[in-house]
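Biologist: I am new to this structure. Could you walk me through how to read it, feature by feature?

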Amino acid sequence: GRVTLLGDAAHPLLPFGSQGATQAILDAEALGVALARALAAGGGDESGSDADVVRETVKAYSEMRCAVTGKIVIANRGMGPTRVLELIEEKCTGLAAEAKTAWIERSGRGLAEETIRTYRGAMPRSACLEIVKSLNTLREWQTNLGP
């Protein structure tokens, strides 16, 4: 198509994990690289190939970013506060309201802190690896474009 999204509009992240702005910046760079490649391939002239340039740009951008950002979105949703709520539900299934409240008062804060520590420990590694792969791909494409 002739329209694409980037940043949170393309892959909305929950407001923790420090990935939203990073992904928007990488999206913008990828879109710029994809456009430069499409123009370098000879598109955008007077013969009406602007639509082809846009189509090729969007396709290349999507190929560069979809898999990477999909992994980050999944990691973002599977940890942090969302995961704490899921774990509490699992641990408290079948408990009466008073017992559930008591369990949360006794164990909830520790569970939340452990889950967030796990998220912070896991997310940067996996996200950084994906970001590095993405940056390396972008750099290769930029290098191949020349000056």
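Biologist: Where does Thr-69 lie?

Modeller: Thr-69 sits in helix H2, which covers residues 50–77. Keep in mind that this is a predicted model.

Biologist: Is Thr-69 buried or exposed?

Modeller: Look at relative accessible area, where under 20% means buried. Thr-69 has 5% relative accessibility, so it counts as buried.

Biologist: What does the side chain of Thr-69 reach?

Modeller: The backbone oxygen of Arg-65, at 2.8 Å.

Biologist: Which residues is Thr-69 in contact with, leaving aside its neighbours within four places in sequence?

Modeller: Here, contact means heavy atoms within 4.5 Å. With those neighbours set aside, Thr-69 is in contact with His-11, Gln-23 and Asp-27. Gln-23 and Asp-27 belong to helix H1, and both are buried.

Biologist: Then let us turn to H1. How do I check the span of a helix?

Modeller: Count 1.5 Å a residue, then compare with the distance between the end C-alpha atoms. H1 runs over residues 20–40, which is 21 residues.

Biologist: Which residues of H1 are buried?

Modeller: Gln-23, Leu-26, Asp-27, Ala-30, Val-33, Ala-34 and Ala-38. They cover an arc of only 135° around the axis, so they lie on the same side of H1.

Biologist: And which residues are exposed on the other side of H1?

Modeller: Ala-21, Ile-25 and Ala-40.

Biologist: What comes just after H1?

Modeller: Look at Gly-42 there, which takes a positive phi of about 105°.

Biologist: How do I read a nonpolar core?

Modeller: Look for buried nonpolar residues joined through side-chain atoms within 4.5 Å. The largest such core has six residues: Val-84, Leu-87, Ile-88, Cys-92, Trp-103 and Leu-111. Helix H3, residues 80–92, and H4 each supply at least two of its residues. H3 gives the most, with four.

Biologist: What does Cys-92 touch, not counting residues up to four places away in sequence?

Modeller: Lys-100 and Trp-103. There is also a second, separate core of five residues, including Ala-30, Ala-34, Ala-60 and Met-64.

Biologist: What about Thr-118?

Modeller: Thr-118 lies in helix H4, residues 97–145. Thr-118 and Met-79 are 39 residues apart in sequence and 7.9 Å apart in space, C-alpha to C-alpha. At 42% relative accessibility, Thr-118 counts as partly exposed.

Biologist: How much of the contact pattern comes from residues 24 or more positions apart?

Modeller: Take the contacts with a separation of 6 or more: residues 24 or more positions apart account for 74% of them.

Biologist: Last, the whole chain. How many helices and strands are there?

Modeller: Four helices and zero strands. From the N terminus on, the order is α-α-α-α. The chain has 147 residues, and 30% of them count as buried.

Methods:
Residues are numbered from 1 along each chain as its sequence is written. This is a predicted model: local features need pLDDT of at least 70, side-chain atom pairs count only at pLDDT 80 or more; totals for chains, interfaces and linings use all residues. Side-chain values use heavy atoms; hydrogens and water are left out. The expected span of a helix is 1.5 Å times one less than its number of residues. Buried means under 20% relative accessible area, exposed over 50%, partly exposed in between (1.4 Å probe, protein chains only). The arc is that of the directions from the helix axis to the C-beta atoms. A polar contact is a pair of N or O atoms within 3.5 Å; within protein, one must be able to donate a hydrogen and the other to accept it, and residues adjacent in sequence count only if both atoms are side-chain atoms.
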